[in-house]
2 protein chains.
Amino acid sequence: MKIALLFGGISYEHEISIVSSIALKDVLKYEKIYIFCDEKREFYLIDEKSMKSKTFSSYEYKKFPKLNLKSGGFYQKSLLGEKKTEFDLLLNVIHGADGEDGKIASMLDFFRVDYIGPGIEASVIGFNKLFTKLYAEQRGIKTLEYEVLRRGEYKSSFDFPIIVKPLRLGSSIGVSIVRKAEDLEYALDVAYEFDEEVLIEPFIEGVKEYNLAGCKAEDFVFSIVEEPKKEEFLDFEKKYLDFSRTQRVSKANIDKDKENALKEAFKKIYSNLFEGALIRCDFFMIEDEIFLNEINTVPGSYANYLFDDFNDVIQKLSSSLPSKKEIRIDYRYINSIQKAKGK
Amino acid sequence: MKIALLFGGISYEHEISIVSSIALKDVLKYEKIYIFCDEKREFYLIDEKSMKSKTFSSYEYKKFPKLNLKSGGFYQKSLLGEKKTEFDLLLNVIHGADGEDGKIASMLDFFRVDYIGPGIEASVIGFNKLFTKLYAEQRGIKTLEYEVLRRGEYKSSFDFPIIVKPLRLGSSIGVSIVRKAEDLEYALDVAYEFDEEVLIEPFIEGVKEYNLAGCKAEDFVFSIVEEPKKEEFLDFEKKYLDFSRTQRVSKANIDKDKENALKEAFKKIYSNLFEGALIRCDFFMIEDEIFLNEINTVPGSYANYLFDDFNDVIQKLSSSLPSKKEIRIDYRYINSIQKAKGK
């Protein structure tokens, strides 16, 4: 199996995506090629030995061959026209905008490239924290109460402390905990830097947080349950380092019943919207009740460090990708109408 | 203003999109060019005088120049390399899959082409009838009670009659009214032909239905309220003919209060998810209460026949398209980490 890692993209997590792909270079044992999407949304085919952060921060990547995405795949100009870049499967490693907001899924679907990653609907539901809540509640999984404010709005009806988040970002960017009314405006302004809309939730001191990654191949494959260590919550720089993780972390200390309850909640969320993706669900547990906090549809370095045998998970998932419905265009109606009109 | 009409796409409504664009050719007074997306998802630049259904059903369109969509727009190969196809604004006239499911919006956003049409989130919410309901309820607009079944499921808990719809299609394709239990399996099988998931709602005999199209430019611009004539509901062939409509229809006979109530409901739905799009909301009115039935994010021939001055609406909308957030990629984190590592 030859895997194309697609990374970069225009998002606040562009650099995280680079770090994440470099981590996967060592973890994934399959043959790999590397497709970088730069700040102009141009694609480059990067040599494996140049897969280091400096290649990108120094703009050396521009020396590599450009690729065009069109019907059937990525093409490279050649003397005789163009040459298709061969691979069996693409792994979407673009975090945040582009990769997790539906754009990459759309383009790969449109141009018929097989990929591991969230589909269009899964992306939109996972990326927008309001939609995540509406979806989770419909699937029978609780989420915290919330308010959505729009740019220009500065009033919350919640008691403090609260947590303020841009509606559509991951990686803790633009997120603040607000403990007193006089700090709210500043926190909202920070969040409005990143999104027109902001989500407010109560902030629960010391809440138990559990992360569970997984996917559905023939059966569900789950990671260990991780209890993320945190100083209140991970800030961007800590998460950034976190994204390069390739070492196994230690299992959360919870009993089998709770672990199973988390897995059942994961299954309800996953089925079948997230088919073809390996996602990480971040849950809260409050008085033994499970709440979904967020869905990471392209988790940092694919949460490889949470799995016993990550390569096997990718292998299994790659043979269980959702089938695409074929629609035949046959001009039946136009032909029959033309016939009826005698044309 | 030079407008590019983008039409075709791989969907059950491919032919409807052709008919719709041909209708718009006569209605829109601006300079226009025509970009066709064929059954292989290849783009062709079609001459105005060839904008007739036969050009497509006979595959004559293949004689026209091919276009490549890439960073910045659509490009045509020329002797000296390639030439950008110039236009000010694209009008997304692809109905159903591709055009209304988020793919076209994604690609135009990705490659930075300005367009009138639903954005990615608006597409996904409008296209999936379950997501439409979750969203509408969150916005304070009622919808009918429902069940979602998946392929292989054949049991409904509703009393008959019910209406069975593929979860993700428009244009009445695959939709059946079921009056007795023994007809349910067949109706479901028909719907499962078009989607893995099926929506079931109670069918309300003689329910009042009102269609209202509009958009938000500086202010909201609304069409007249139409009360669609129907024999139960429009089947595909009738809707097909309907999509070529360019003549004004007559206004629904409702009082000012009800009309205003419909407009208020429309505003709640539209704001701000549907920014940049001209949509049609189809409502039910049951005992003076408004229910959202569905959202058409790319209505047939842009519902031009419902507006007093359609060209003016397009003009207004074109100057109120949502601004795209620019994200700067500056490699700040990678550089600071490299520095810290002494590299």
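Me: Leaving aside neighbours within four places in sequence, which residues is Lys103(B) in contact with?

Reply: Happy to start there, keeping in mind that this is a predicted model. Lys103(B) has its place in helix H3 of chain B. Setting aside neighbours within four places in sequence, its contacts are Arg41(B) and Asp98(B), together with Ser106(A), Asp109(A), Phe110(A) and Ile120(A).

Me: Is Lys103(B) buried or exposed?

Reply: Good one to check. The cut-off for buried is under 20% relative accessible area. Lys103(B) has a relative accessible area of 8%, so Lys103(B) is buried.

Me: How is H3(A) oriented relative to H3(B)?

Reply: Both helices span residues 103-110 of their chains, and their axes lie 8 Å apart at an angle of about 110 degrees. Angles of 65 to 115 degrees count as roughly perpendicular. Therefore H3(A) is, relative to H3(B), roughly perpendicular.

Me: By class, which residues make up the contact of H3(A) with H3(B)?

Reply: From H3(A) come Lys103(A), Ile104(A), Ser106(A), Met107(A), Asp109(A) and Phe110(A), and they meet Lys103(B), Ile104(B), Ser106(B), Met107(B), Asp109(B) and Phe110(B) in H3(B). Sorted by class, the contact has four charged, two polar and six nonpolar residues.

Notes
Residues are numbered from 1 along each chain as its sequence is written. Chains are lettered from A and ligands numbered from 1 in the order in which they are written. This is a predicted model: local features need pLDDT of at least 70, side-chain atom pairs count only at pLDDT 80 or more; totals for chains, interfaces and linings use all residues. Side-chain values use heavy atoms; hydrogens and water are left out. Axes are lines fitted to C-alpha atoms, for helices over the stretch in contact, and angles run from 0 to 180 degrees between N-to-C directions. Helices (H or I, at least four residues) and strands (E, at least two) are DSSP runs, numbered from the N terminus. Angles under 35 degrees count as roughly parallel, over 145 as roughly antiparallel, 65 to 115 as roughly perpendicular and the rest as oblique. Contact means heavy atoms within 4.5 Å. Ala, Val, Leu, Ile, Met, Phe, Trp, Tyr, Cys and Pro count as nonpolar, Asp, Glu, Lys and Arg as charged, and the others, Gly among them, as polar. Buried means under 20% relative accessible area, exposed over 50%, partly exposed in between (1.4 Å probe, protein chains only).
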